Amino acid sequence: MIGNPFLKAVPVLYLIENGGYEAYFVGGSVRDHILGREIADVDIATSALPDELKKIFPKTTDVGIEHGTILVHYKGTPYEITTFRSEAGYSDFRRPDKVLFIRSLTEDLQRRDFTMNAIAMDKDGNIIDPFGGRQSINKKLIETVGNPDERFGEDALRMLRAVRFLSQLSFSIEDNTFKSLQKHCNLLENIAVERKTVEFEKILLGRNRAKAAELLVKSGMYQYLPGLVHHEKPLTQFSARLSSELDLNETWVLLLYELQLNGSEIDAFLRGWKLPVQKIKLLKQLLSLLLFRLGEEWNEESVYKAGLNNALSCERVYRTLFPEKFNSTDRIKQIFNSLPIKERHELNVTGNDLMAWHGKNPGPWLKELLAEIEKAVIYGDVQNEKEKIRVWLSNLKSEKN
Ligand code: ATP
Ligand code: MG
C-alpha cells in the first residue's frame, strides 16, 4: 500500500501517462516510504520534456528548466517534476558540463548519488530498483550507485550528503564508499560554502549527529569545511558531546566553545560559514552567556539580561558540558517568572521623567541612571511605579550627599 502524499499525487502520474509518457515517484520520498519514515514531499521523474509537461498541465512554474525541472501545480499542490536525464563531464567536480534529456528511467536512476536514492515507484506502488537500493536500505548502508571514486569525482557535494544521510537515517557508510570519502575529501574545496553550510546544518540536526560529526573527522572531510582545518581535537571532543537535546543554535555554540576561539576569531569563523548576520549576533550572545555561566550561577540580573529563551539555551549547552553539575533549568524559570519586569520598556519611568526631576539636559548620566533604576527594580529594591521610583531616587541622592 502506498501512503497519503503519494496517493494524492497519483492522478499527476496518470495524466502524464495518458499523455503517452512514463512517470514515477523517485528520490527521498521512495526511500523514506520503504523505511517507513514520514514523507515530506514527493519528487516525480518523467520521460516527458518540460515543454511536453506544459501541454498536459495548465499551471506550471519554471524552477530549473535547464536541468529539466518544473513545478506542476495540481489541485493546489506544487509537484517538482524532473525529466529523465543523464549527465556528462564533470570537469569542475561539482556540476555536469552537460545535461542530456533521455527517455530511459534506468539511466536516470543511474546518475543519482546513492543506491537508496535511486529507486523509483510507479502509480500502483510497484518498485523499480535496478541498483539494489532496497538491499542497501535493509542493511542500512549508504553506498554510491557505481564506483564511489567516480561518483565523488563528478560531484564532491555527494560526500557531505553521505554524512548527512548517515546523520538523518542512522545508517552506516559502506566500506568502499567510506574509503573513497577519505581519498577524495580534498575535492570539497570545489564546493560553494553555502552548499556546505546547508549540509552541515542538516548533519548537526540529524538523530545520529554525534556519529556523523565523528565521521567528518575520521574521513578528513573536516579539513575542507570553513574554519575547521587545524581543529581535529576540539572537533572530536565536540562530536563526543553532541547530544540530541541541543537545537541548531545551541549546537553551533557548543562548537564555538570547543574551538576556544578569541573574539575576532569567533566572528571570522561564523562569517566563514556565511551565516546570516542576525544569527551570528545571536550565537555570539549565547556564547558569551555560556562563558559567564561557567563562572557563576544564574541570578535576577543575568536571567533578565539574557531573556528566558537564551538563558535556557545557554543552560542546555552548559549541561552538555557539565552533566554532573547542578541543573539550573527550573531555577531560571523561577527567577524569570518572579521578575517584576521582563524587558526595559516595561520600566515605568522614562528619560524625560528623569530630566524633569533633575532639571538636567540629556547626557551619559541618563543612561547610567536608567540602568541603575532598572537593576533596583529587578532586584525588588524599589517597586516599578513612577512615584515610588521618584521617592527612592531622592532618598538615594540624600544618602549620597
Ligand atoms: P531529502 O529527504 O532531504 O529531500 P532527498 O534524497 O530527496 O532527501 P534531495 O536533495 O531532495 O534529496 O534530492 C532528490 C534526489 O535527487 C535524491 O534522492 C537523489 O536521487 C538525487 N540527487 C540529489 N542530489 C544529488 C547529487 N548531488 N548527485 C546525484 N544525485 C542527487
Ligand atoms: Mg527531496
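Guide: Ligand 1 sits in the largest pocket; a pocket, on a 1 Å grid over the protein atoms alone, is an open set of points with protein on both sides within 12 Å along at least five of seven lines, and a molecule sits in it if more than half of its atoms lie within 2 Å of its grid points. This is a predicted model, in which local features need pLDDT of at least 70, side-chain atom pairs count only at pLDDT 80 or more, and totals for chains, interfaces and linings use all residues. Residues are numbered from 1 along each chain as its sequence is written, chains are lettered from A and ligands numbered from 1 in the order in which they are written, and side-chain values use heavy atoms, with hydrogens and water left out.

The elements giving two or more residues to the shell around ligand 1 are α2 (28-35) and α7 (157-169), helices being DSSP runs of H or I with at least four residues, numbered from the N terminus. The most comes from α7, with 4 residues. Domain 1 (1-139) and domain 2 (140-242) each supply at least three residues to this shell, the bounds coming from an automatic or database domain assignment.

Of the 13 residues around ligand 1, those that come nearest are Arg31, Asp155, Arg158, Arg161 and Arg164; a residue is near if one of its heavy atoms lies within 4 Å. The shell comprises 9 charged, 3 polar and 1 nonpolar residues, with Asp, Glu, Lys and Arg counted as charged, Ala, Val, Leu, Ile, Met, Phe, Trp, Tyr, Cys and Pro as nonpolar, and the others, Gly among them, as polar.

A nitrogen atom of ligand 1 lies 2.8 Å from a polar side-chain atom of Asp155, and a nitrogen atom of the ligand is 2.7 Å from a side-chain N or O atom of Arg158.

How values were computed:
A polar contact is a pair of N or O atoms within 3.5 Å; within protein, one must be able to donate a hydrogen and the other to accept it, and residues adjacent in sequence count only if both atoms are side-chain atoms. On a 1 Å grid over the protein atoms alone, a cavity is a set of points where a 1.4 Å probe fits but cannot get out, and a pocket is an open set with protein on both sides within 12 Å along at least five of seven lines; lining residues have an atom within 4 Å of a point.
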